[in-house]
Amino acid sequence: MGEPESDPDRDAELAVWPGSAYPLGATYDGAGTNFSLFSEIADAVDLCLIARDGTETRVRLDEVDGYVWHAYLPTVGPGQRYGYRVHGPYEPAAGHRCDPAKLLLDPYGKAFDGHFVGGPAFHTFGADTLGHTMTTVVINPFFDWASDHPPRRPYHETVIYEAHVKGMTATHPGVPEALRGTYAGLAHPAIIDHLRDLGVTAIELMPVHQFLHDQVLLDRGLRNYWGYNSFGFLAPHADYASAAKPGATVSEFKAMVRAFHRAGIEVILDVVYNHTAEGNHLGPTLNFRGIDNAAYYRLVDDDRSAYMDYTGTGNSLNARHPHTLQLIMDSLRYWVTEMHVDGFRFDLASTLARELHDVDRLSAFFDLVQQDPVVSQVKLIAEPWDVGEGGYQVGNFPGLWTEWNGKYRDTVRDYWRGQPATLGEFASRFTGSSDLYEATGRRPGASVNFVTAHDGFTLADLVSYNDKHNEANGEDNNDGEGHNRSWNCGVDGPTDDPEIVGLRARQRRNLLATLILSQGTPMLAHGDEMGRTQLGNNNVYCQDSPLSWMDWSLAQTNSELIEFTRRAIALRTAHPVFRRRRFFEGLPIRSGEQARDIAWLTPSGVEMTPADWDSGFGRSLAVFLNGDGIPEPNERGEPVRDDSFLLCFNAHDEQIEFTAPGDGDGGHWEVALDTAAPTGASTTVLAPGASLTAPARSLTVLRRRG
């Protein structure tokens, strides 16, 4: 970790050895560095070593094996900045866009330095981009992980918290100012303690692969805040590093992961392998396009100068090509083996499943993941849609995969805002969506349940706005989803009306409690536990500002909501009846008995009939979860026993009387969670068969005690 930074200025006679074709990228072994680059179309490749003063030393790579160009430089080590120049055909009509005037970044680069200046050079053949682009940096791969080990939480014990590295820490008063917005800031005890106190077991980071700020946004004074614009799939984004030294980003990221693991929290990365920052045929040439355009991208069959676009971003990676697949798989393995991350959420994952045009569950990518001894063992979460035809694939991914359940989000939103005919769908989503996942051999954990995420309204805005307000994005409010299934509770935006303020607070608690207590894997969006607002903007992808950052002052003003969230997660964590490993059967536990693992009841305590389920005006129902009806054993093979619960859902605009079951065993019912109470706490105790008055739009959770 203490090697001097390499610089070709010091090397009067630069030694060049043949090196090897694998591993791809720049690999420092403690003595020198092996450089390796794939290009099937290249006629020649120059490795360009960039000195600190910006001067360039070119090294022709004379060795090539299987279209991989390589060399070993025994005097080059960590800190060396470099790039490539690829000589080959420039024939856009044939799909080839080589231009040796472009200093190209290494697709396998593990760190990058500098900034993009922008300008026409990136778009003009023959214009040199040296001095206008970033450079790749050789890193020191050695790091003291100490006794780090992955928490390996099973899905049924997982609570995911989706977060943004900068947004989480930019304003936190407990994080030193120099660390705000960085990996080191995210690893600060002030952040980790907050997550651990909530009961979170995994943090899912929005994109941290090196990404580009779109020029069109920079021209409007904005930035690509979300980061879904990658070009370096093995490098942590340099802007999130607190240290200025090139290459130090990697060790800072590793230290962050180590800190989370020590707290028992997994780290999941939101990864974007479906497209790159180079965009369409008018986009900048950064790396892939100039290295081997036709290998890395899906091109239009009858117009090879154009790109297939299943992502809405201008291009789609060619997951049919073996070297592109290798890049994706090498990247995934690197983040697991070298960076110690615990899983991945795949953005627009349907794009990776397109073999020809249609989405194919048996595509090469999924075959490779299934067979990989490293990648197959971590959490794999699909965003199961893209923008292409037939791209909505919720429930259709292979057995290893879990999925963002968009149907869960839509159904729970509709139920609590009072949409008609939602009871049957709501029951299915609440119990783990067996209709979507059971046929592929998956379990309830395959359903990653969410009500809000980075894309869309925050929880506070979901109950405060009927319509989006994205004017700040500079697109005349035309961007972002127009159909949000939101309800403003009577007034759009901020209000001082105490009745509306109270209703909104109760709706936030209703949505949080439903999410946390549903079967499946719950995911919270950062800040929802404290009422974070984006003032009605449902697409803050370009808002790197207080509009999108966490406002930590809300931790004091909305402390009751934080306590409610903590209480709900603690209830889930303490009781396996809310996080079963297998789906409910709804049948008698043992032959001849009427007790069931689950029963859906009307407010009067009578079992729901088909007519009740089909009622278009139904808003209220109860579900009995039998703690003695859990068939699956624990990890030691022992029977699982739990308390039984009755959850009383009332989405009606009036209070409803619910009847607690009376089974004659002398037990009583106590309120374990009440969304009508600011923190969810209640001291109410009911006798068997007694009635409970559930306020309008509320959820009451009863626990049976002997």
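Biologist: What should I know about the source?
Modeller: It is a predicted model: local features need pLDDT of at least 70, side-chain atom pairs count only at pLDDT 80 or more, and totals for chains, interfaces and linings use all residues. Residues are numbered from 1 along each chain as its sequence is written, and side-chain values use heavy atoms, with hydrogens and water left out.

Biologist: Which residues of H8 are buried?
Modeller: Phe365, Phe366 and Val369, in a helix that covers residues 364-371. They fall within an arc of 95° seen down the axis of H8, so they line one face of the helix. The arc is taken from the directions from the helix axis to the C-beta atoms.

Biologist: What do they pack against?
Modeller: Helix H7 (322-337), strand E19 (343-346) and strand E20 (379-382). Contact here means heavy atoms within 4.5 Å.

Biologist: Switching to sheets. What is the strand order in the open sheet of five strands?
Modeller: E4-E3-E7-E11-E10, with antiparallel pairing. Strand E4 (56-60) and strand E10 (112-113) stand at the edges with a single partner strand each, so one side of each has no neighbour in the sheet. Two strands pair if DSSP finds at least two bridges between them.

Biologist: And how many bridges join E7 and E11?
Modeller: Two, between E7 (residues 81-87) and E11 (residues 135-137), in the antiparallel sense. Arginine 81 stands opposite valine 137 in E11.

Biologist: Where is glutamine 80?
Modeller: In the loop between strand E6 (68-73) and E7. Glutamine 80 is buried, at 1% relative accessible area. A polar atom of its side chain lies 3.3 Å from the backbone oxygen of isoleucine 50.

Biologist: Last one. Methionine 550: buried or exposed?
Modeller: Buried, at 1% relative accessibility. Methionine 550 sits in the loop between strand E23 (521-525) and helix H14 (554-557).

Biologist: What does methionine 550 touch?
Modeller: Leaving out residues up to four places away in sequence, its contacts include Tyr161, Met168, His526 and Arg532. Methionine 550 and alanine 163 are 387 residues apart in sequence, and 9.7 Å apart in space, C-alpha to C-alpha.

Technical notes:
Helix = DSSP H or I, 4+ residues; strand = E, 2+ residues; numbered from the N terminus. Buried < 20%, exposed > 50% of the residue type's maximum accessible area, 1.4 Å probe, protein only. Polar contact = N/O pair within 3.5 Å; in protein donor to acceptor, adjacent residues only side chain to side chain.
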